[in-house]
Amino acid sequence: SKGSFEEDSQKQPAVGHWKTLMPSKGSKEEPETGCQDAGGVDETQSTEQLNVSRLRSSSVEIREKGSEFLKEELHKAQKELKLKDKECERLSKVREQLEQELEELTASLFEEAHKMVREANTKQAASEKQLREARGKIDMLQAEVTALKTLVITSTPSSPNRELHPQLQSPSKAVFRKGHGRNKSTSCTMISAANQNVTPEPVSHECREVDSILFAEFQAWKESPTLDKSCSFLDRIYREDVGPCLDFTKQELSELVRVAVEQNTLTIEPVASQALPAVKVSAEECGGPKKCALSGLPKICKHRIMLGDSGNYYYISPSCRARITAVCNFFTYIRYIQQGLVRQDVELMYWEVMRLRREMSLAKLGFYPSEM
């Protein structure tokens, strides 16, 4: 520093000749020598002062340049530090965001895994339940097919076996059964045969003639039997017989009855006098023992129907029951043909279909056996 440099310069002795205070004996040039020494000392002092001033100026320049350099380096270091602070802050935010996303992803994965496990358990339980139900239905259908095969072999709709059908016997020989009788639409043929063929007319006493158009349509349907009503055979019967026969006053309920008959889910039960109506709808919709739900007229209703497994019963009059039974008989017979259970000639099957169509027409006109 400047102060230390000045102190050092003050401590250094001046360089020069010493002035002799006592001249030596015999010397004559003592005054001249003293003058020369004084001039040399002045020159030396001026040179030293010049050197000192130069050193001072150079030290000041060095100090100023050093301070400027240090300031620049400090400024650069501050800038770099700020940049690094910003980078650290940015990296910290990125890390926090990644940690949050990782936590959310882990939580969602665990939730999805638990959801998949629950769905798998639910589906497994539903599949096991469906499997048990399917096995039960298969056993029931196998027993029904065996019974139907036995029925077809021993009896036909045109000539039923009265021993297999107790309902075909006279009322005095029929066995009284107490309680409810439950009959699906597939079994309506046996009921209708009991109620509509009590006094059948001999076929040989009738004059019959095969209609070529109807027979051709039946033959075409017989080649590939189907329940699709778009074919000409079923389309005609729907328009001429099924539609009018199931056209009741209550249009909405009539449509539900038609769908149930087509899907083979209609149930007809006799109404017991002591039974209470277990229904889930109002009395106006389901009718009652003295009001028909299909016609809306006050009638004595001896039967009631249930559509599918809804548990809702609708009371119907004997006339409405005869119309529904006639349509069920027709669908049951064509299902037998479709399943290959009817072993008859094509013409005999045709005439049986015509007989069932006639029953539908008579029921639509209001003709039905008194036993209904």
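In which hand does α4 pass α9 at their crossing?

**Entry 1: the model.** I worked from a predicted model, in which local features need pLDDT of at least 70, side-chain atom pairs count only at pLDDT 80 or more, and totals for chains, interfaces and linings use all residues. Residues are numbered from 1 along each chain as its sequence is written, and side-chain values use heavy atoms, with hydrogens and water left out.

**Entry 2: confidence.** I looked up the pLDDT, the predictor's confidence in each residue, from 0 to 100. The protein averages 76, and 69% of its residues score at least 70. Helix α5 (residues 232-245) has the highest confidence, at a mean of 94, and helix α3 (residues 188-196) the lowest, at 40. The pLDDT is below 50 over residues 11-31, a stretch with eight contacts in the model beyond near neighbours in sequence; a contact means heavy atoms within 4.5 Å. Residues 274-285 also have pLDDT below 50, with 18 contacts beyond near neighbours in sequence.

**Entry 3: overall make-up.** I found nine helices and four strands, taken as DSSP runs (helices H or I, at least four residues; strands E, at least two) and numbered from the N terminus. Their order along the sequence is α-α-β-α-α-α-α-β-α-β-β-α-α. Of the 372 residues, 26% count as buried, that is, under 20% relative accessible area with a 1.4 Å probe, protein chains only.

**Entry 4: α4 against α9.** I return to my opening question: the crossing is right-handed, meaning that the near helix is turned clockwise from the far one by less than a right angle. The axes of α4 (residues 212-223) and α9 (residues 346-365) come within 11 Å and cross at roughly 115 degrees. Axes are lines fitted to C-alpha atoms, for helices over the stretch in contact, and angles run from 0 to 180 degrees between N-to-C directions. The two helices are therefore roughly perpendicular (65 to 115 degrees). From α4, L214, F215, F218, Q219 and K222 meet α9 residues including V346, Y350 and R357. I noted eight nonpolar, one polar and three charged residues in this contact; Ala, Val, Leu, Ile, Met, Phe, Trp, Tyr, Cys and Pro count as nonpolar, Asp, Glu, Lys and Arg as charged, and the others, Gly among them, as polar.

**Entry 5: α5 against α9.** I next read the α5 and α9 axes as 8 Å apart, at an angle of about 30 degrees. This makes α5 roughly parallel to α9 (under 35 degrees). Among the α5 residues in contact are F233, R236 and I237, and among those of α9 are V353, R357 and M360. The residues of this contact divide into eight nonpolar, one polar and five charged.

Note on methods
Parallel < 35°, antiparallel > 145°, perpendicular 65-115°, else oblique. Buried < 20%, exposed > 50% of the residue type's maximum accessible area, 1.4 Å probe, protein only.
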